[in-house]
Amino acid sequence: MAAHADIFLINTRGKGTYEITDAVELIVKAAGIKTGTATVFVQHTSASLVIYENADPSARKDLHEYFERLVPENTPWFVHTSEGPDDMPSHLRMVLTRTSEVIPVINGRLALGTWQGIFLFEHRRAPHSRRVVVSVVG
């Protein structure tokens with residue numbers, strides 16, 4: 001069994017989703033593994049990963065609005081607020097999504113559906129530099 005791993009950074013401009021599919025595909029290609037799996041992992045507790053619709057940006061706008069309503073800032077009973085009003089909501093939003101995704105690799109490519117993309121979901125208002133680890137085995 002062959003294995004390959006790499007890390008890349010994605011700089012965010014604050015809350016929102018940032019497509020990383022192409023960056024992950026480059027690592028899969030560099031791995032030279034034709035059949036296996038790619039595990040994508042974000043090394044943070046206030047950002048997450050989602051596989052989501054990548055054709056119509058309005059789908060992501062609705063996702064963002066849903067999370068704003070589901071876990072609003074300035075909730076009076078949050079205790080963990082030392083880094084600001086978006087601190088605790090960012091952690092809860094991360095828990096409600098995922099920090100990793102596993103995608104099959106077939107013929108050396110990610111086996112994503114036609115309208116699927118891999119997105120880093122930034123839950124903080126301020127810009128951040130996020131570390132994403134990709135491990136390919138097969």
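Which helix holds Asp-87? The legends below refer to a predicted model.

**View 1. Asp-87 in helix H3.** Asp-87 belongs to H3, the helix of residues 87–96. Its relative accessible area is 0%, so Asp-87 is buried. The side chain of Asp-87 makes a polar contact with the side chain of His-91, at 3.1 Å. Leaving aside residues up to four places away in sequence, Asp-87 touches His-80, Thr-81, Ser-82 and Arg-124.

**View 2. The buried side of helix H1.** Helix H1 covers residues 21–31, and its buried residues are Thr-21, Val-24, Glu-25, Ile-27, Val-28 and Ala-31. These residues lie on the same side of H1 because they cover an arc of only 160° around the axis. An α-helix has 3.6 residues a turn, so residues three or four places apart point the same way.

**View 3. The opposite face of helix H1 and the residue after the helix.** Asp-22, Leu-26, Lys-29 and Ala-30 are exposed, and the face that carries them is turned away from the buried side of H1. Gly-32 follows H1 and has a positive phi, near 70°.

**View 4. A nonpolar patch on the surface.** The patch is formed by Tyr-66, Leu-70 and Leu-96, which together have about 310 Å² of accessible area. Tyr-66 is located in helix H2, residues 57–70. With a relative accessible area of 49%, Tyr-66 counts as partly exposed, because the exposed class requires a value over 50%.

Terms used:
Residues numbered from 1 in each chain as written. Predicted model: local features only at pLDDT ≥ 70, side-chain atom pairs only at ≥ 80, totals over all residues. Heavy atoms only, no water. Buried < 20%, exposed > 50% of the residue type's maximum accessible area, 1.4 Å probe, protein only. Helix = DSSP H or I, 4+ residues; strand = E, 2+ residues; numbered from the N terminus. Arc of directions from axis to C-beta. Polar contact = N/O pair within 3.5 Å; in protein donor to acceptor, adjacent residues only side chain to side chain. Contact = heavy atoms within 4.5 Å. Patch = residues over 30% accessible without salt bridge, like charges linked within 9 Å, V, L, I, M, F, W, Y side chains within 5 Å. Areas by Shrake-Rupley, 256 points an atom, 1.4 Å probe, with all protein chains shown as cover. Salt bridge = Lys/Arg side-chain N within 4 Å of Asp/Glu carboxyl O.
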